[in-house]
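Thanks for coming. I have one structure to go through today, and I will keep it short.

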Amino acid sequence: MPDTVREGGCACGALRYRVSGEPIFVNNCHCSQCQKQTGSTSVVNMFYEAEYLTQLSGDTSRHVVKAGSGGDHVIVRCAQCGTAMWSHYPRLGEFAAGIRAGTLDDPASVTPDAAIYVSERMPWVTLPEGIPAFETQYSPAELLPPERFERLKRLAAKAAGR
Ligand SMILES: [Zn+2]
Ligand SMILES: [Zn+2]
């Protein structure tokens with residue numbers, strides 16, 4: 001088990017979680033669906049193997065919306081206050097969790113690997129220097145360090161065999 005450990009929680013404090021190791025990747029997504037779901041300009045999600053995510057307290061509620069690909073995107077929220085905590089996306093399903101970085105106790109401890117779907121961003125949003133930006137998606141094989149790309153491939157293989 002990797003030694004980096006981060007904790008986070010919802011706005012009311014009932015739902016707490018711990019996540020171990022470094023994320024496989026961190027995306028700052030500006031797509032119109034993320035804008036709608038968050039009511040904001042974009043979302044920052046850190047993707048982990050679901051087994052590295054431990055729920056410490058609280059109850060969750062699950063909300064299913066359609067992903068851009070047409071599959072089911074499951075948003076897991078605090079049952080008490082409704083804060084969106086993490087998501088399961090169609091391709092990797094329940095094997096992976098895309099955790100909202102803003103729910104971390106120390107959100108500054110992660111930096112996005114990429115800004116994605118910047119073609120849909122609100123016109124006044126300025127993109128940060130030093131973070132690669134993509135009109136839509138990127139190729140993980142090209143962007144991610146080999147060790148993290150291997151983790152992603154293992155997850156994709158698991159999800160394909162479910
Ligand atoms: Zn809550
Ligand atoms: Zn998005």
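This is a predicted model: local features need pLDDT of at least 70, side-chain atom pairs count only at pLDDT 80 or more; totals for chains, interfaces and linings use all residues.

Residues are numbered from 1 along each chain as its sequence is written, and chains are lettered from A and ligands numbered from 1 in the order in which they are written.

The chain has three helices and 10 strands; helices (H or I, at least four residues) and strands (E, at least two) are DSSP runs, numbered from the N terminus. Along the sequence the pattern is β-β-β-α-β-β-β-β-β-β-β-α-α.

Now the sheet. Strands E1, E2 and E5 form an open sheet in the order E1-E2-E5, with antiparallel pairing; two strands pair if DSSP finds at least two bridges between them. At the edges are E1 (5–9) and E5 (53–57), each pairing on one side only. E1 and E2 (residues 16–20) are joined over five bridges.

Next, which residues have the most contacts inside the largest nonpolar core? They are Phe47, Tyr48, Met85, Ala96 and Ile99, in a core of 26 residues. Such a core is a set of buried Ala, Val, Leu, Ile, Met, Phe, Trp, Tyr and Cys residues joined through C-beta atoms within 7 Å, and buried means 20 or more other C-beta atoms within 10 Å of the residue's own, with C-beta atoms placed from the backbone. E4 gives the largest share, five residues. Over the chain, 27% of the 162 residues count as buried.

Key:
A residue is buried if 20 or more other C-beta atoms lie within 10 Å of its own, exposed if 12 or fewer, and partly exposed in between; C-beta atoms are placed from the backbone.
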